[in-house]
Amino acid sequence: MRSKRSNDQQPEQQANRCFGYKKEFGMNKVAKNIIAALKTMSLPVILMVVMKLVFPENIGMRTLQNMIYQSVPAAILAWGVSFNMKIGNWDFSVGAAAMISAIVGGNIASMLGLGPVGMLVLCTGVGLLCGCITGTLYYLLKIPTLIISLGMVYLMESLSAIIFNGAGVFITGEYVALTEALPMLGFGAAALAFSIFLFYARPFGYHVRAVGNGAAIAAQEGIDIYKVKFRVLVIASTFAGLYAFATLARTGVWKASSSPMSTMGTCFDAMMCVFIGQALGAATNQFIGIYFGSVTLQMVKLLIILLGIKSTFTQVIISMIVLVFMCISTRADHNNKLQLQKGRVTA
């Protein structure tokens, strides 16, 4: 009887253990996700608290709302740049591609009366075309993307001073469609979903990760590295077109290049968002982390203004921050590659 009772109790005890294990596992997973989310939001929250304490009269809820809203365009460009940085491309032409996309797309849409949707299609299409030109030059010449992209910067900046008489673009009315927070956040959410879809749900994203983790090993697996890098250059410039539309539909104006390499600041801003985002989003999702990196960038710029630092030093400070986070990101990537190599050796 004793043995029978013990046998009868075993399934119940096993079920209780299994249920308790699943419950504990589920709770641990939820707790880890909450902690990861808090880590992702930690830097902009800390910055906001510090600025509120130092400048209580200048910082309020309205300021936070503006930061969340104004960070979307920079995040869109940074999502495109992140593909380049993941694979090892140094593409400094995205800022110039965004400028050309805005000037050409905005002017043509305005002249033909195509409305905001037409402007979106044209800006994105021009950005894609710029990426195709840059990628084709790289694919045919097989020289570093750094050299190709710098050449494209000079070309596109010079072109901006010629087309439409160098007047840039100025639009009004219905074309300025993203002046409110909800439309801008909706557009940003669509761009975020598109970037996550490309990176995680398509073979293209797998190839990007494979080449980024080791180009030689990816080549041995049959991946065409030059073809992947070509596609990444096209994707980055396409996101530059989306960024051009988001900026133009918010401000209504984009000036032509007034000095050589003037668009490099836009590129450095995007790189800063990526480096900060990779550090913040390591435990969650790098694309979400990049958005909070963009929020951090806007806060840094506001802090520079509140401190009374001259605007000429803004880019210097941002470049220094980029270098710091570049070192942190490079170190983290190196450690990840070492772990992958150890895993392959063990296997």
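Okay, hi everyone. Keep in mind that this is a predicted model.

Let's start with the rings. The count comes to 15 aromatic pairs. Take one of them, tyrosine 243 with tryptophan 254: their ring centres are 6.0 Å apart, and the planes make an angle of 90 degrees, so that's edge-to-face, given that anything over 60 gets that label. Where do the two residues of this pair lie? Tyrosine 243 is in helix H9, residues 225-251, while tryptophan 254 belongs to strand S2, residues 253-254. They're 11 residues apart in sequence, so the pair ties those two parts together. And are they buried or exposed? Tyrosine 243 is buried, at 13% relative accessible area, and tryptophan 254 counts as buried with 13% as well.

There's also an aromatic cluster, and its members include Phe83, Phe194, Phe199 and Tyr200.

Next, look at lysine 142. Its charged end sits over the ring of tyrosine 139, 4.5 Å from the centre. Lysine 142 also lies over the face of tyrosine 226, with 4.9 Å to that ring centre.

Now on to helix H6, residues 181-200. Which residues of H6 are buried? Among them are Met184, Phe187, Ala191, Leu198 and Phe199. Looking down the axis of H6, the buried residues fall within an arc of 105 degrees, so they line one face of the helix. What covers them includes helices H2, H4, H7, H9 and H11.

That's it from me, thanks!

How values were computed. Residues are numbered from 1 along each chain as its sequence is written. This is a predicted model: local features need pLDDT of at least 70, side-chain atom pairs count only at pLDDT 80 or more; totals for chains, interfaces and linings use all residues. Side-chain values use heavy atoms; hydrogens and water are left out. Rings of Phe, Tyr and Trp (its six-membered ring) pair if their centres lie within 6.5 Å; planes under 30 degrees apart count as stacked, over 60 as edge-to-face and the rest as tilted. Helices (H or I, at least four residues) and strands (E, at least two) are DSSP runs, numbered from the N terminus. Buried means under 20% relative accessible area, exposed over 50%, partly exposed in between (1.4 Å probe, protein chains only). A charge sits over a ring if NZ of Lys or CZ of Arg is within 6 Å of the ring centre and within 35 degrees of the ring normal. The arc is that of the directions from the helix axis to the C-beta atoms. Contact means heavy atoms within 4.5 Å.
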